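Good morning, and thank you for joining.

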Amino acid sequence: MASNKDREPDVDAEAGQHGGVQSVDRALAVLEILARDGHAGVSDIAEEMGIHKSTVSRLLGSLVSREMVHQNSDRGKYQLGFGILRLASSIPGRLSLVREARPVLEALAEEFKETVNLAVLRSNFAVNVDQAMGPSTLATYDWVGNLTPLHATSSGKVLLAALPAEDRDRILKETGLPARTPRTITNRKELETQLIDVAREGYGVVREEFEIGLTAVAVPVYNHLGAVIGAISISGPAFRFDPETAPGLIEALKQGGLQVSARMGYTGRR
């Protein structure tokens with residue numbers, strides 16, 4: 001926190017371009033404090049920002065008039081208002097997961113020279129909605145639009161692990177656990193144990209469970225509410241591709257998932 005002696009002088013004439021930008025920056029800082037703390041008083045905000053209480057009062061007055069901030073009449077504290085919800089509610093519908101993820105998919109494919117896919121949950125399956133091909137890819141099979149089983153794919157396991165237990169139970173009862181290869185997990189208890197690991201570790205790996213010769217690893221993508229809305233996977237031939245020993249691959253994939261999540265409004269809170 002800033003001390004009184006470090007505070008900027010309270011200049012009423014915040015005119016011109018510099019003053020306007022400063023006022024906007026301060027107003028945004030107030031909103032960020034309220035978003036973080038839930039509520040705060042004038043003195044609390046002024047102390048943290050290192051500015052005079054009169055300046056904070058003027059900023060809050062403007063934000064209240066726009067319904068961005070609401071004053072609690074009982075305690076005199078301020079909190080975010082319904083105007084924030086009005087603005088925020090218009091954002092998710094305009095964000096395209098495919099559009100926001102595309103640069104990340106391409107960067108991962110270029111860095112690790114393998115195929116990178118983006119998948120979402122649809123009708124009890126994982127459906128690939130976009131794909132970036134790495135320069136070392138042996139085949140050019142296009143997975144976009146394909147429905148793949150949740151229990152036998154890395155993206156599917158990430159999506160399954162994020163579901164409430166009742167939803168996961170319903171899906172697995174409807175689809176069953178059919179064997180795609182001799183390595184497919186077909187035992188429900190074994191799958192549930194693995195899904196606990198996926199949720200804890202933040203990634204899921206399959207080794208020839210969906211297709212012989214194919215290994216893949218996936219991480220989740222979150223939306224603005226902290227819910228998993230997709231999964232990004234990297235896959236490659238089993239004879240050369242081992243995600244858990246490839247230097248930096250899983251960490252880079254996790255960071256890629258977080259980059260896309262941030263573009264979808266995720267702030268790290270769930």
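**Helix α8 and its surroundings**

Helix α8, residues 188-201, has 14 residues and runs 20 Å from its first C-alpha to its last, close to the 20 Å expected at 1.5 Å a residue. That expected span is 1.5 Å times one less than the number of residues. Helices here are DSSP runs of H or I with at least four residues, strands are runs of E with at least two, and both are numbered from the N terminus.

Before going further, the conventions. This is a predicted model, in which local features need pLDDT of at least 70 and side-chain atom pairs count only at pLDDT 80 or more, while totals for chains, interfaces and linings use all residues. Residues are numbered from 1 along each chain as its sequence is written, and side-chain values use heavy atoms, with hydrogens and water left out.

Which residues of α8 are buried? They are Leu 191, Glu 192, Leu 195 and Val 198. Seen down the axis of α8, the buried residues fall within an arc of 115°, so they line one face of the helix; the arc is taken over the directions from the helix axis to the C-beta atoms. Buried means under 20% relative accessible area, exposed means over 50%, and partly exposed lies in between, with a 1.4 Å probe and protein chains only. On the other side of α8, Lys 189, Ile 196 and Arg 200 are exposed.

What does the buried face pack against? The buried residues of α8 pack against α6, α7 (165-175) and β6 (204-207). As for the ends, at the start of α8 a side-chain oxygen of Asn 187 comes to within 3.0 Å of the backbone nitrogen of Lys 189. After α8 comes Gly 202, with a positive phi near 85°.

**The protein as a whole**

The secondary structure comprises 9 helices and 8 strands. Of the 270 residues, 42% count as buried. A contact means heavy atoms within 4.5 Å. Among contacts with a separation of 6 or more, 55% join residues 24 or more positions apart.

**Individual residues**

Thr 215, in strand β7 (residues 214-222), is buried, with a relative accessible area of 4%. Beyond its neighbours within four places in sequence, Thr 215 has contacts that include Val 206, Ile 234, Phe 241 and Pro 243.

Arg 26 belongs to helix α1 (residues 16-37) and also counts as buried, at 8% relative accessibility.

Two loop residues have positive phi without being glycine. Glu 67, with phi near 65°, sits in the loop between α3 (53-65) and β1 (69-71), and is partly exposed at 46% relative accessible area. Lys 113, with phi of about 60°, sits in the loop between α5 (97-112) and β3 (115-122); Lys 113 is partly exposed at 33%.

**Confidence**

Finally, how far does the predictor's confidence extend? pLDDT is that confidence for each residue, from 0 to 100. Its mean for the protein is 83, and 84% of the residues reach 70 or more. By element, confidence is lowest in helix α4 (residues 82-88), at a mean of 69, and highest in helix α6 (residues 154-162), at 96. Over residues 1-17 pLDDT stays under 50. Where pLDDT is low, the predicted coordinates should not be read in detail.

Conventions: pLDDT is the predictor's confidence in each residue, from 0 to 100. A polar contact is a pair of N or O atoms within 3.5 Å; within protein, one must be able to donate a hydrogen and the other to accept it, and residues adjacent in sequence count only if both atoms are side-chain atoms.
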